[in-house]
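Hi,

Here is the model I promised to pass on. Have a look at it first, and my notes come after.

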Amino acid sequence: MNIRFEQAETLKEKPQGALGFGKKFTDYMFVMDWKEGKGWHDERIVPYAPMIIDPAAMVLHYAQETFEGLKAYRGKNGEVYLFRPDMNAKRFEKSNERMCMPSVPEEMFVEAIKELVKVEEAWIPTGEGESLYIRPFMYANEVALGVDQADNYRFIIVLSPVGAYYPEGVNPIKIYVEDELTRATVGGTGFVKCGGNYAGSLAGQMKAKKLGYTQVLWLDGVHRKYVEEVGSMNVMFLIDDVVVTAPIEGTVLAGVTRDSILQLVKDWGYKVEERHLEIYELMKAGKEGRLQEAWGTGTAAVISPIGELFYKGEKVEVNEFKTGELTQKLYDTLTGIQWGDVEDEHNWRVVVK
Ligand SMILES: *Cc1c(COP(=O)(O)O)cnc(C)c1O
């Protein structure tokens, strides 16, 4: 790839204090364009700035858009790491295929991220739990209102310094089990990381919020019976010493964190079941005290312990609303690997520089 670099006239002040999540952005962004017959071209790292978009650009009407999310970490020795970026590249590939969008080859995807992160390495925050969130995304940029696959696309990467997702530390969250609205069905786009899925799931999120819950737990779209995932996280349960999570069958997003956590618990000798788990079975296990721990997994928060489930007017408390032992160990181990403090047995860490 031949990346053109355009120098910014002025650089921003680096943020002080609490960073929050996805509120501040760095000085530069990576951009490239795709055109039918020409492929990817004009790869560039340019000053971060608002862009001009035609009101009839297809993405604004038919939501042909996909994205990814990963982080860059600063190790204590000064090295900069990514965590399994090849997994994000492969998932992006699958998302783009399903959405009839052009492929970004894995090497190109990872190289673009590395080059941008190198330019912006001074933006990688070094406070406890802080990292540089990386958001690659692509959208249909053709100007036309006919419903069709677009003939030109733009791929962009922006970077955002982020704090620990929960500033008070890892604490249990309350989960609302949505029994009416659904997020995905087999054959649909549940496995795709696309804006459209999120637009469709906001109503559930708002219902949860109104009732004082942090996140929605989605049930399957056909029976509203089987546990799928939580908002922007996969979800796992420790029931009778077995780790149970939904299978990857086209409705649930194949999280990189999910995959890593399942590997860790297998390494530690836990039995793992990727299977359909009925909400009734889950609530029953909770009431009988067999639901030992529950947690969500995703790049942003890493691990979110779940302290309460609310389904059809019934509440179940998990582990007395305390972070479970396994949940805490998973958080400590995974973040340890990501920041370079724990041995990386599976070669998940990628050194940027
Ligand atoms: C991104 C995402 C996840 C988590 O995936 P990670 O790769 O672990 O960050 C889970 N569910 C949905 C719907 C997502 O968009």
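First, the ground rules. This is a predicted model, so I kept local features to pLDDT of at least 70 and side-chain atom pairs to pLDDT 80 or more, while totals for chains, interfaces and linings use all residues. Residues are numbered from 1 along each chain as its sequence is written, and side-chain values use heavy atoms, with hydrogens and water left out.

Spaces between the domains

The largest pocket has a volume of about 830 Å³. A pocket here is an open set of points on a 1 Å grid over the protein atoms alone, with protein on both sides within 12 Å along at least five of seven lines; a cavity is a set where a 1.4 Å probe fits but cannot get out, and lining residues have an atom within 4 Å of a point. Grid points are joined across faces, edges and corners, and the volume is the space filled by probe spheres set on them.

There are 38 residues in the lining of the largest pocket, and Arg-135, Tyr-165, Tyr-198, Ser-232 and Ala-300 lie nearest its centre. Helix α4 gives the largest share, four residues. (Helices are DSSP runs of H or I with at least four residues, strands are runs of E with at least two, and both are numbered from the N terminus.) By class, the lining splits into 17 nonpolar, 15 polar and six charged residues; Ala, Val, Leu, Ile, Met, Phe, Trp, Tyr, Cys and Pro count as nonpolar, Asp, Glu, Lys and Arg as charged, and the others, Gly among them, as polar. Domain 1 (4-164) and domain 2 (173-338) both contribute to this lining, so the largest pocket lies between them. The domain bounds come from an automatic or database assignment.

The second largest pocket holds about 710 Å³. Of its 31 lining residues, Glu-128, Gly-129, Glu-130, Gly-163 and Ala-164 are the closest to the centre. Here α7 (325-338) gives the largest share, four residues. Both domains supply lining residues to the second largest pocket, so it also lies between them.

Domain 1 and domain 2 both give residues to it, so the cavity lies between them.

Local details

Strand β3 (residues 39-47) has eight of its nine residues buried, where buried means under 20% relative accessible area, exposed over 50% and partly exposed in between (1.4 Å probe, protein chains only). β3 runs parallel to β1, with two bridges, and antiparallel to β2, with seven; strands pair if DSSP finds at least two bridges between them. Arg-4 has Arg-44 as its bridge partner in β3, and Tyr-28 stands opposite Pro-47. In the β2-β3 hairpin, Gly-37 takes a positive phi near 85°.

In helix α6 (residues 279-287), Ile-279, Leu-282, Met-283, Ala-285 and Gly-286 are buried. Seen down the axis, the buried residues of α6 fall within an arc of 160°, taken from the directions from the axis to the C-beta atoms, so they line one face of the helix. Gly-289, which follows α6, has a positive phi near 75°.

Cheers
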